Amino acid sequence: MHSQWTWQANRVLCLTLLNKCTSGRVNSLRPNPANGHALMTLKTADIDLAGPVASEARPAPRRRAGILARESRSAYAFVTPAFCLLAFLVAYPFVLSVWFSLSDARVGTAGNFVGLGNFERLFSSSIFLQTLQNSFVFTAAALTCKIVFGMALALLLFRVTRFKRLIRGAVLLPFIVPTALSTLVWWWMFEPLYSVVNWTLKSVRLVDHDLPWLPDPYLAMFVVILVNVWRGLPFFAITLLAGLVAIPRELYEAAEADGAGPVRRFWHITLPLVTPVLGVVILFSAIFTLSDFNIVYVLTKGGPMNMTHLFATYSFTLGLQGGEIGLGAAVSLFLFPILLAVVFLQLRLMRKAAIYE
Amino acid sequence: MSDAIALSRVRTVRARRWRAIRPLLTVYLPVLPFVAFALFPLYFMLVTSFKSNSELYDVGSVPFWISDGATISHYQLLSAETPFWQWFANSLIVSVSATVISVVLGVLAAYPLARMRFPGSDSFGVAVFITYLVPPTLLFLPLTSVVNWLGLSDTLWALIVTYPTFLVPFCTWLLMGYFRTVPKEIEECAMLDGCNRLQSMLRILLPAAVPGIICAALFAFTLSWNEFLYALVFVSPAELKTMTVGVFSELIRGDIYYWGALMAGACIGSIPIVIAYVFFLDYYVSGLTSGAIK
């Protein structure tokens, strides 16, 4: 009874809408017997309309094919400029990079095919093995710090009520300022003679002599990681904060009513619900941390004794400064498998999210 | 009886005071080191740029503030002895052009991806996503040959052409998410009224998506202003360098570091971005999170 009335009301509404859209050509509307009341077939004076909702009126198959073809033609027209740019300046260079890595190309010469010769040379070079190790240490350490402190900062920012914009703005600033320029100030802060860090450590009597921050391999690695964390932390904090805001309040109220303390609320509500966002942030950051160039190049240029080289800086040193383009391209291609893994995981995460929606 | 009342009053007063102080201790105090960590280097950059050389290179003086009088000599050195304002102009030209190109191409590519079904739409979407994640450091060597082959090396065109390689995927991705939030129905009405796709996009969707476009443009501008690697590799004459590369490579000559001037350059180089940031903070936040959340 009730549904009959609803359908009647719907019919009136649909007819009104359709007539508005089709300038009064629709004159009857009947339920489609195959689909019950939800779907309906529309009989009109000159066109056949069939669809779940009247406002999404669809043309007959023959015309639909024509419209779809026209639709895709205009879609291709829209997409073409971006497609050409990406094909010519991303896809083609990538293929070129693979070719370089398999050749003995140098600056000014095309080079000959040498198979996997470059990779063999790399794996027998202690500098490259050191670079491999550095990349792993750098990425693992920087990511861990960013995850832990980023989460802590996000939780704190979530509870900030006064000066909210000011504090969020201040915290996000390192991410916005040009990295190459902000790294200069870190260099100055760790400068051997006039380091403000050493000055502070000495005045609170933590050390009695200047620490050789950048000339010492291990300290240099520490500084490079520190600067990367300084720059990357805001991205984690702000994105995780957005994830925290999206968690429904009711869950916390229910857990609190059931007697769960703050720690248990974090482990059983916050962490599981923020995990998808955290996953995406980690994947993003993994690729951009691993491929970092600016910080290492400005602070240490890969030194001392090649102890802070990452793939990007080593590839730069070999390919551009040393002129061995083939070898340099081979080094930079080590980023690619990790890129693929990240893309694969990201797409899986996004599909999952799409299913949940 | 009155004792009990007095006691409970003391308790409520204490509880109230605790409630007032609690966020101070559990939120604002712990957030302080994070804020200090974020801001100190930038503060130190500013302070250093106004310090006189004698104070700068005095091991005994307190480095945290200026005690010997502020000076603008570092800024003067920058203006007088380096093509600093030329670098600034170069950065501006490159960033604005790259931003305009990228936003236009991004809008054009994002629209069909968000709204239309066409054969290959899914794979193009995935391709855009992959290129979005490709770091510039993976491609700078082959791009050098492409730039040489196009005859663009040592011109600003090299940067205007190559920056969109990472900006277009970013803008497309961001705008795609944004376009999807605009209801389809308004456009459908427009098209029933006889608009074609282009008209419907220009007249209906774009006005509704202005915040998304501002956001994409801001990020594109920031990313190109901050770019370092391509600018370092593709352009070598001193007067054609951009801000980031110029300050870094021209102010360090051998072992002589002009720390005051370096910091002055870093300050001025950061200012346009910081100004944009102060005015459009919310756009930055939404752009940052939309990439990861949507």
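These legends describe close-up views of a predicted model, in which local features need pLDDT of at least 70, side-chain atom pairs count only at pLDDT 80 or more, and totals for chains, interfaces and linings use all residues. Residues are numbered from 1 along each chain as its sequence is written, and chains are lettered from A in the order in which they are written.

**View 1. Chain A as a whole.** Chain A has 14 helices and 3 strands (DSSP runs, H or I of at least four residues for helices and E of at least two for strands, numbered from the N terminus). Of its 357 residues, 38% are buried (20 or more other C-beta atoms within 10 Å of the residue's own, C-beta atoms being placed from the backbone).

**View 2. Helix 5 against helix 8 in chain A.** Helix 5 (residues 164–176) and helix 8 (residues 217–245) of chain A pack at about 125 degrees, with axes 7 Å apart (axes are lines fitted to C-alpha atoms over the stretch in contact, and angles run from 0 to 180 degrees between N-to-C directions). Helix 5 of chain A supplies Val171(A), Leu172(A), Pro174(A) and Phe175(A) to the contact (C-beta atoms, placed from the backbone, within 7 Å). Among the residues from helix 8 of chain A are Trp230(A), Arg231(A) and Phe235(A).

**View 3. Two domains of chain B.** Domain 1 spans 2–71 and domain 2 spans 74–293 of chain B, with bounds from an automatic or database domain assignment. Their centres, taken over C-alpha atoms, are 37 Å apart. In chain B, 7 residues of domain 1 are in contact with 7 residues of domain 2. Helix 1 of chain B gives the largest share of the domain 1 side, 4 residues.

Note on methods:
Two residues are in contact if their C-beta atoms, placed from the backbone, lie within 7 Å. A residue is buried if 20 or more other C-beta atoms lie within 10 Å of its own, exposed if 12 or fewer, and partly exposed in between; C-beta atoms are placed from the backbone.
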